[in-house]
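Here are a few exercises to work through with the model open beside you. Try each one yourself before reading the solution.

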Amino acid sequence: KLTIKAVTLFAEMSMADAVSTVNLNDKADRSGQNDTLIKNPSLGGFLSGALTNIALPAAVTDPTHPPLTLYFDNNSMEDLWVAITWGES
């Protein structure tokens, strides 16, 4: 059975935006679990972070396993990449 092992996000912020963190949440009202993307000097200043508090999605989306939905407190990203690691459980 395939399972998601990890989800890591990488964000390139707008040049005009000098933020060093972006918070993400699994609920729109921010009452749920949260994780943070942090500026990473080794990645040229891109922000990065993994889902550690927010539950990982199922490998297959179906009625019993809804898709992953994330809410960001800052949407001035130029680009956002999501890296997914999966494998046999």
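**Exercise 1: The surroundings of Asn-25**

Leave out the neighbours within four places in sequence and list what Asn-25 touches.

*Solution.* This is a predicted model, so keep that in mind as you go. Asn-25 is in contact with Arg-30, Ser-31, Gly-32, Gln-33, Asn-34, Ile-54, Thr-69, Leu-70 and Tyr-71. To place Asn-25 in the fold, look at strand β2, where this residue sits.

**Exercise 2: Buried or exposed?**

Decide whether Asn-25 is buried or exposed, then find the backbone nitrogens that its side chain approaches.

*Solution.* Step one: the relative accessible area of Asn-25 is 6%. The cut-off for buried is under 20%, so Asn-25 counts as buried. Step two: follow the side chain of Asn-25 to the backbone nitrogen of Lys-27, at 2.9 Å.

**Exercise 3: The largest pocket**

Describe the volume and the lining of the largest pocket.

*Solution.* The volume comes first: about 160 Å³. Now for the lining, which has 13 residues; Met-13, Ser-14, Met-15, Lys-39 and Gly-45 lie nearest the centre of the pocket. Sort the lining by type and you get 7 nonpolar, 3 polar and 3 charged residues. Which strand gives the most to this lining? Strand β1 (residues 2-13) does, with 3 residues.

**Exercise 4: Stepping back**

Sum up the secondary structure, extent and burial of the whole protein.

*Solution.* Count the elements: 0 helices and 6 strands, so the order from the N terminus reads β-β-β-β-β-β. The C-alpha trace spans about 45 × 30 × 20 Å along its principal axes. Of the 89 residues, 24% are buried. The accessible surface is about 5800 Å², and carbon and sulfur atoms hold 54% of it. Last, take contacts between residues at least 6 apart in sequence: 66% of them join residues at least 24 apart.

Conventions:
Residues are numbered from 1 along each chain as its sequence is written. This is a predicted model: local features need pLDDT of at least 70, side-chain atom pairs count only at pLDDT 80 or more; totals for chains, interfaces and linings use all residues. Side-chain values use heavy atoms; hydrogens and water are left out. On a 1 Å grid over the protein atoms alone, a cavity is a set of points where a 1.4 Å probe fits but cannot get out, and a pocket is an open set with protein on both sides within 12 Å along at least five of seven lines; lining residues have an atom within 4 Å of a point. Grid points are joined across faces, edges and corners, and a volume is the space filled by probe spheres set on the points. Helices (H or I, at least four residues) and strands (E, at least two) are DSSP runs, numbered from the N terminus. Ala, Val, Leu, Ile, Met, Phe, Trp, Tyr, Cys and Pro count as nonpolar, Asp, Glu, Lys and Arg as charged, and the others, Gly among them, as polar. Buried means under 20% relative accessible area, exposed over 50%, partly exposed in between (1.4 Å probe, protein chains only). A polar contact is a pair of N or O atoms within 3.5 Å; within protein, one must be able to donate a hydrogen and the other to accept it, and residues adjacent in sequence count only if both atoms are side-chain atoms. Contact means heavy atoms within 4.5 Å. Accessible areas come from the Shrake-Rupley method with a 1.4 Å probe; for residues, only the protein chains shown count as cover.
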